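This report asks how the parts of one protein chain come together.

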Amino acid sequence: MARLADYFIVVGYDHEKTGPAEGLGKIIQRFPQKDWEDTPFPQGIELFCQPGGWQLSKERKQPTFFVVVLTDIDSERHYCSCLTFYEAEINLQGTKETEGEEESGLIAPAEVFAPKSLVLVSRLDYPEIFRACLGLIYTVYVDSLNVSLEALIANLCSCLVPASGGSQKLFSLGAGDRQLIQTPLHDSLPVTGTSVALLFQQLGIQNVLSLFCAVLTENKVLFHSASFQRLSDACRALESLMFPLKYSYPYIPILPAQLLEVLSSPTPFIIGVHSVFRNDIHELLDVIIADLDGGTIKIPECIHLSQLPEPLLHQTQMALSLVLHPDLETADYAFPPPRTALSHTKMLDKEVRAIFLRLFAQLFQGYRSCLQLIRIHAEPVIHFHKAAFLGQRGLIENDFLTKVLNGMAFAGFVSERGPPFRACDLFDELVAFEVERIKADEGNPPKMIKHVRELAEQLFKNHGCNVLLLRKIPSCWNLFREGEPSW
C-alpha cells in the first residue's frame, strides 16, 4: 500500500522578497509539518509551481492546473500537481487618478492580483484524481462551504491505495464526494491517458518518429509550448513510447525560468520549457527542439540522427498512418464506404502505443538467446552479447540499433528482464509468443490492425478507471469567482 498523497502545500507570493526582475514565492502552509521518513519534502517547489516566475497581475486570471515531475537523489519521481489561482490584494503604491478627473495630488490604491498555488505531492502518477481533489478543495474554500478544509486535507493524505494489480479503492475527502481509483494491472506499463495521441496530433508521424529515434540514441530533446500541461503531456508521451526501455537521464517536463542553465548540461535529457523562452533556447546547438504549438521540430546540423532500420521504419509509418488516418486507404475510391466514427481518443492512444510495442518486439526478438549469466549470487550479473545479437539479425553495421544496444536504457532493460525468474508483462508475452504473427501480418493490413486493436484493448484495461462522483457539491470546477477570500 502507498499513500495517495505525501504532502499538501500552499505556496503564495512573497511580498517581503523580490528577485532581480520579479517576485518570489514562499510556502505558506504544508501538511504534514514533519517530513515522512521514506519521502523527503521536495525542495524548491516554489520555483516549479510558478515556472514562468512569480508575478503580480492587474487582472484576475483563470485558475490553471498542471503536473510537475521532480526526481530525487535516489532517482525516485515525485509528481507535483499544481492548481494556481489569483487573489485580490491592495497595491499601496497605487496609481494617480485617471485622466479627466481633477488631480488632487493623492495616490489612490489599486487592486492587483497575486498568484497562489495548491500543490499535491505524490509518488503515484494519477493526474486526473489529483485534479479532481484539488478542484474540490478549491471549491470548498472559494464557496466558504460548511466543510472543514483541514479534514479534507487530512483525509486525502491519510488515504492508502494499492500500488498495482487492478485493485479498486473507494474513498472520500469528506465533502459529499466519492472517488474511485482502480490501480494499473502492471506497474511496469506506462499510463498515458490521451497524451500519445495528442503528441501525434501536434507534431505528425514523421516528427514524432524522429524524436523517438532521438531519445533512443541518447540525444537531447527539448519541447516548448505556451501550455505547461501540454509540456507535461508531451514528455510523458515520448517517454512512454520507449517502453519496455526506461529513460535514465534528466527528465524535467516543466523547467522553471530560474533553472534554464540546465539546458547547457552535457548529458542527454527530455525537458519542456514555456514558449516565452524560445529566443533563448534557439541558441542551443546540440539540442533537438520541438515546437508543440507550431507542429515543427528543429534538428541542428551537427546532429546525425540515426533512423529505424528498414523495413521496420516503413512498416511503422504505414501502421501509424492506418491507425491515425483510417480513411487513407479509401481516399481515392470513386464510391468510398460510409464514414465510421473515429476511435475514442483514449483507445486511439493505446492503438498507437500498440504499434510501438510491436516494433520493439521485432527489434529485440531473440534477445534472451544472447544473454550470458556471469554470476548468480549474491545478485545475478548478466552480460548481453551484442555482436552475436546483431550478427543474428544481419545488422552488425546498423548505426541505430548499435547505439540503442550501447545505451543506458538497454543496459537497464537487460538487468531487469534478463533474470529467468522475474515478473512478466505484456511485452514479455509479445516477444515470446507473437513475433511470428507480427511478421505474418505485415503484408495484410486488416490482420495487422486487428492485432493492434487486441493489444490496445489490453493496454486500455491496464489503465483502470478513476472516477469522481459529487453528491453535495453541484459543480467541482466552478473555479472562477469574484471577491475570493484570502487563504
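Which residues form one aromatic cluster? In this predicted model, the cluster consists of Phe 200, Phe 212, Phe 243, Phe 356, Phe 360, Phe 364, Tyr 367, Phe 384, Phe 389, Phe 410, Phe 413 and Phe 427. The structure holds 18 aromatic pairs, and one of them, formed by Phe 212 and Phe 360, is edge-to-face, with 5.7 Å from centre to centre and 75° between the planes. This pair links distant parts of the chain, since Phe 212 belongs to helix H5 (residues 205-216) and Phe 360 to helix H9, 148 residues apart. Both Phe 212 and Phe 360 are buried.

Turning to the chain as a whole, the protein has 15 helices and 17 strands, and buried residues make up 51% of its 487 residues. Of the contacts between residues at least 6 apart in sequence, 68% join residues at least 24 apart. The largest nonpolar core has 149 residues, and those with the most contacts inside it are Leu 4, Phe 200, Leu 222, Phe 223, Leu 245, Leu 263 and Phe 364. Phe 200 and Phe 364 are also members of the aromatic cluster. When neighbours within four places in sequence are left aside, the contacts of Leu 4 include Leu 124, Tyr 126, Ile 129, Phe 130, Cys 159, Phe 171 and Ile 181.

Phe 171, one of those contacts of Leu 4, has Gln 179 in strand E9 as its bridge partner. Strand E8 (residues 168-171) is joined to strand E9 (residues 177-182) by four bridges, and the two strands run antiparallel. E8 and E9 form a hairpin with five residues between them, and Gly 174 in the turn has a positive phi of about 100°.

Elsewhere, five strands form an open sheet of mixed pairing, in the order E11-E12-E10-E13-E14. Its edge strands are E11 (251-252) and E14 (296-298), each of which pairs on one side only. E11 runs parallel to strand E12 (residues 270-274), to which it is joined by two bridges, and Tyr 251 has Ile 270 in E12 as its bridge partner. Tyr 251 also takes part in a contact of another kind, with Arg 77 lying over the face of its ring. The table sets this arrangement beside a second one, in which the charged end of Arg 3 sits over the ring of Trp 36.

| Charged residue | Ring | Distance to ring centre |
|---|---|---|
| Arg 3 | Trp 36 | 3.9 Å |
| Arg 77 | Tyr 251 | 4.0 Å |

A search of the whole structure finds zero disulfides. Two cysteines may be described by their accessibility: Cys 213 has a relative accessible area of 1% and is therefore buried, and Cys 235 counts as buried because its relative accessibility is 0%.

Is Pro 337 buried, partly exposed or exposed? Its relative accessible area is 44%, so Pro 337 is partly exposed, a value that lies between the limits of 20% and 50%. Pro 337 is placed in the loop between helix H8 (312-324) and helix H9 (345-363), and H9 is also the helix that holds Phe 360. Pro 337 and Asp 327 are ten residues apart in sequence, and their C-alpha atoms are 9.3 Å apart in space.

Methods
Residues numbered from 1 in each chain as written. Predicted model: local features only at pLDDT ≥ 70, side-chain atom pairs only at ≥ 80, totals over all residues. Heavy atoms only, no water. Buried < 20%, exposed > 50% of the residue type's maximum accessible area, 1.4 Å probe, protein only. Phe/Tyr/Trp six-rings, centres within 6.5 Å; stacked < 30°, edge-to-face > 60°. Lys NZ or Arg CZ within 6 Å of the ring centre and 35° of its normal. Disulfide = S-S within 2.5 Å. Core = buried A, V, L, I, M, F, W, Y, C linked by side-chain atoms within 4.5 Å. Contact = heavy atoms within 4.5 Å. Pairing = 2+ DSSP bridges.
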